[in-house]
Amino acid sequence: MNITELKYLAPEIIIASGICVLVLIKSFHRLRSINLLSVLIGTLTPLIALLSMVFIFNNPYEIILNGQVVIDTLGSGLKITAYGLCALIVLATNINQINNKSELILIELFALLGISILCSASNLLVIYLGLETLALSLYGLVASNRKSVKSSEAAMKYFVLGSIASGLFLYGISLIYGLYGSINILDFNNLSVDTSIELQIAIGFIICGIVFKFGAFPFHSWVPDSYQGSTNSVALFISTVPKIGAFALLYRLLIDSFYSLSSLWSSFLLVIGIASLIYGNIVALSQNQIRRLLGYSAIGHIGFILIAISAINQTAIESSLLYLLIYVIMTLATFIALELLSSENKSIDTINDLKGLNNSHPWVALMLLFCMFSMIGIPPFIGFYAKWIVLSTLLKMDMIYTAIIAIIITVIAAYYYLRIVWYMYFEKSDIPLMKDTSTIIQKSLFFTIGSSLLLLGLIPETLISLIGRLFNQIY
Amino acid sequence: MLNEIIFYTFSSILICAALGVILFRNPVYSAVSLILSFITSAFLWFLLESEFLALILILVYVGAVMVLFLFVIMMLNINEQKANSKFNTIAPIALLIGLVILAEMITLIWMKSTQFKETITIIAAPSSENNTLELGKLLFSEYIYPFEIAGFILLLGIIISISLTLRTKKGKKTQIISKQIDIDPSKRVQLVDLERGKN
């Protein structure tokens, strides 16, 4: 190991030291300003890490630490997104008794560390360790609402299923090590198309691990439960940032290493994508609990992303990343709205709680309307471009039937998004909403993100060209 | 020759202990025979001259994991009869799964062994080399990055488990350490001269 290589690990080191500082500060639990201080560190740590990326970003491609870490533009781009998101989420989270006690911000920083390890890992061992860091902190986050039985149940389910998925993933890794005697993923670049049964099983197991992290169809059951069981503050985090980690995992394992075997895994992804698209959106139709509904809708959106990847070429991967980013922005705005409206005593749980929102909070209702329209994919909003780009890629690749299924399901899905809009605008509320206790920072953040759904929709070229630049240096 | 004798002795003890784990009726006996099987497999590691792995196996599994197991068995007070009645219903399924795994192993190792690209033979390290030292050198040089990540995972585990289980009651009375340390001994103990006979 060369000491100069450490500069490429600067963001990870910064996050790790931020965690250590926060742990030390938390020990002074009698300090009056501890809440404010932990929010400050939780925001500053990702921001400083983001700033440190500026020095790394210009290096196109670098392999360091004996091939355990690879620095490329896509990984750096994903890291920058994750850091920015994490800082936003920490700022937007309500600071109250529950959130302070449960060391939420600290565990969120750990999850960020795991994602950032995943984004630049090029060794199966490092990938697994990053995955475990992320998974463990997510179990902790889901369980953090100790008073609720639902939360403990969701955390228990998530933990058991997650352990099984990690086990499957490790089994896949061990089979690959047995076959090739290497855990460095750059060694698998030039594999000839080998259809031995062992390799197929190994790749199948690895896909199981990836699909679980995404929360797509056969391994989806933790998603709605953990969204419902956790508080809005936790759901805000687990619905957005880990998805970026999952994309990094998929990219590193399937596209970076087993690209030559793409004929093997693309059909897996296509089937999983279509299944989760149909399942998520159909089941979401009958949901009343709003976080559970958003959980099922997340499964549907993940289906879109996986379908896009399964049409393997550069534009397909670009469009899937674009869809992921737009999905993350939309979900972020929706969950911040729920977080804004809920106070320590009253949290927004069912759709009924949103009744008559237009009368009490007209601006929040308008922004939620933007989110819902964007998730449906109505033209001036950015969500439309996400769907349009994925569908046009599918048509270019002659996957017409897949595109037709996706369009039909999108139309069906419009029902449950519009139902939320109906409740907000056309239903009278029985109980007036409580006066919210949100801060001015939360409000301004929410309105910036919400209006960006419309603004980005008017000028979608910026986002598209930004993503194109990430991939330009790779291919 | 001596190696073979030791190997077959310990591996037969290992198999007997493993059978004991599932066949004993008393769960405490099962746990103890699991400990025996861990220790005998540690001896097999010793035979491969990887003393670090052997000692770690004994320390972690026997010292920590199995003690936890025994605690759980004692605390739950598992009923013997219940454990017996379940065994008979599960046995055919377990037998089936066991046979499938056996068949898989036979096909992989025996029939398909020629298909593996490279066969890696385990070479015993020269006896002069210190196994633990070499592992330590590797961990702190080549694998420093995964090693540090593993450290952070452990820290995360500690933090999560404490934050999930720590319950502080409202109005709980505790010492304020700083005040305790700051105390002036001359104020604490008052020396009073007493005259004899008075008071």
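**Figure legends for the predicted model**

**View 1. The contact between chain A and chain B.** In this predicted model, 25 residues of chain A are in contact with 17 residues of chain B, two residues being in contact if their C-beta atoms, placed from the backbone, lie within 7 Å. Two elements of chain A, α5 (104-119) and α6 (124-143), each give two or more residues to the side that touches chain B. The most comes from α6(A), with 10 residues. By residue type, this side of chain A holds 14 nonpolar, eight polar and three charged residues. Here Ala, Val, Leu, Ile, Met, Phe, Trp, Tyr, Cys and Pro count as nonpolar, Asp, Glu, Lys and Arg as charged, and the others, Gly among them, as polar.

**View 2. The fold of chain A.** Chain A contains 20 helices and two strands; helices (H or I, at least four residues) and strands (E, at least two) are DSSP runs, numbered from the N terminus. Along the principal axes, its C-alpha atoms fill a box of roughly 65 × 55 × 40 Å.

**View 3. The interior of chain A.** Of the 475 residues in chain A, 54% are buried, that is, 20 or more other C-beta atoms lie within 10 Å of their own, with C-beta atoms placed from the backbone.

**View 4. The two domains of chain B.** Chain B is divided into domain 1 (1-79) and domain 2 (131-166), with bounds from an automatic or database domain assignment. The C-alpha centres of these domains lie 25 Å apart.

**Notes.** Residues are numbered from 1 along each chain as its sequence is written, and chains are lettered from A in the order in which they are written. In this predicted model, local features need pLDDT of at least 70 and side-chain atom pairs count only at pLDDT 80 or more, while totals for chains, interfaces and linings use all residues.

Note on methods
A residue is buried if 20 or more other C-beta atoms lie within 10 Å of its own, exposed if 12 or fewer, and partly exposed in between; C-beta atoms are placed from the backbone.
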